[in-house]
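This briefing concerns the protein shown below.

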Amino acid sequence: QVQLVESGGGLVQAGGSLRLSCAASGRRFSSYLMGWFRRAPGKEREFVGAISWSGGSTYYADSVKGRFTISKDNAKNTVYLQMNSLKPEDTASYYCAAGTTLTTYNYWGQGTQVTVSS
């Protein structure tokens, strides 16, 4: 059974930092892309970024480029989203997902809430 479990969300002031984790289990993800998405209240789900599990290539949305960094720990089967210089508009539920392309994701986590106060 595939499981993606996010953690690390919380409340932070604008300008602060948070690191989200996504622990993956249940299958081999070596050929997958691990993506991060977010959904703010009343808005559509938004792509944040992704990392190739095998090669480590990273991809970011323009809205987070230069502030967010995605990394992985192969030994722990865990992907991270380091979020710096947080803004109130980053407030959302954040989800990790595993997929075969940047636009096709087969597995999703349950999400973790990030709230940035001004």
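Val48 touches Trp36, Phe37, Arg38, Tyr59, Tyr60, Ala61, Val64, Phe68, Leu81 and Tyr94, leaving aside residues up to four places away in sequence; contact here means heavy atoms within 4.5 Å. The model is predicted, and local features need pLDDT of at least 70, side-chain atom pairs count only at pLDDT 80 or more, and totals for chains, interfaces and linings use all residues. Residues are numbered from 1 along each chain as its sequence is written, and side-chain values use heavy atoms, with hydrogens and water left out.

**Val48**

- Val48 belongs to strand 5, where strands (E, at least two residues) and helices (H or I, at least four) are DSSP runs numbered from the N terminus.
- Val48 counts as buried because its relative accessibility is 0%; buried means under 20% relative accessible area, exposed over 50% and partly exposed in between, with a 1.4 Å probe and protein chains only.
- Arg38, one of the residues that Val48 touches, is 10 residues from Val48 in sequence, and the C-alpha to C-alpha distance of the pair is 6.7 Å.

**Nonpolar core**

- The largest nonpolar core has 28 residues, of which Met34, Trp36, Leu81, Met83 and Tyr94 touch the most other members.
- Such a core is a set of buried Ala, Val, Leu, Ile, Met, Phe, Trp, Tyr and Cys residues joined through side-chain atoms within 4.5 Å.
- At least two residues of this core come from each of strand 3 (18-25), strand 4 (33-39), strand 5 (46-52), strand 7 (68-73), strand 8 (78-83), strand 9 (92-101) and strand 11 (112-117).
- Not counting residues up to four places away in sequence, Met34 touches Leu4, Cys22, Ala24, Phe29, Gly49, Ala50, Ile51, Trp53, Val79, Ala97 and Ala98.
- In soluble globular proteins, nonpolar side chains tend to be buried together.

**Overall architecture**

- The protein contains zero helices and 11 strands.
- Its radius of gyration is 13 Å, close to the 13 Å that the globule rule gives for 118 residues, so the protein is as compact as a globular protein of that length; the radius is taken over C-alpha atoms, and the rule is 2.2 Å times the number of residues to the power 0.38.
- The C-alpha trace spans about 40 × 25 × 25 Å along the principal axes.
- Of the 118 residues, 42% are buried.
- Among contacts between residues at least 6 apart in sequence, 53% join residues at least 24 apart.

**Surface and charge**

- The accessible surface is about 6,100 Å², and 45% of it belongs to carbon and sulfur atoms; areas come from the Shrake-Rupley method with a 1.4 Å probe, and for residues only the protein chains shown count as cover.
- There are 12 positive and 7 negative side chains, and the centres of the two sets lie 6 Å apart.
- Lys and Arg count as positive and Asp and Glu as negative, without His and the chain ends; the charge is placed at NZ of Lys, CZ of Arg, CG of Asp or CD of Glu.

**Loop positions**

- Asn77, in the loop between strand 7 and strand 8, has a positive phi near 50° although it is a residue other than glycine, and it is partly exposed at 24% relative accessible area.
- Asn74 lies in the loop between strand 7 and strand 8 and is partly exposed at 44%; Asn74 and Ser25 are 49 residues apart in sequence and 12 Å apart in space, C-alpha to C-alpha.
- Ser85, in the loop between strand 8 and strand 9, is not a glycine but has a positive phi of about 50°, and its relative accessibility of 42% makes it partly exposed.
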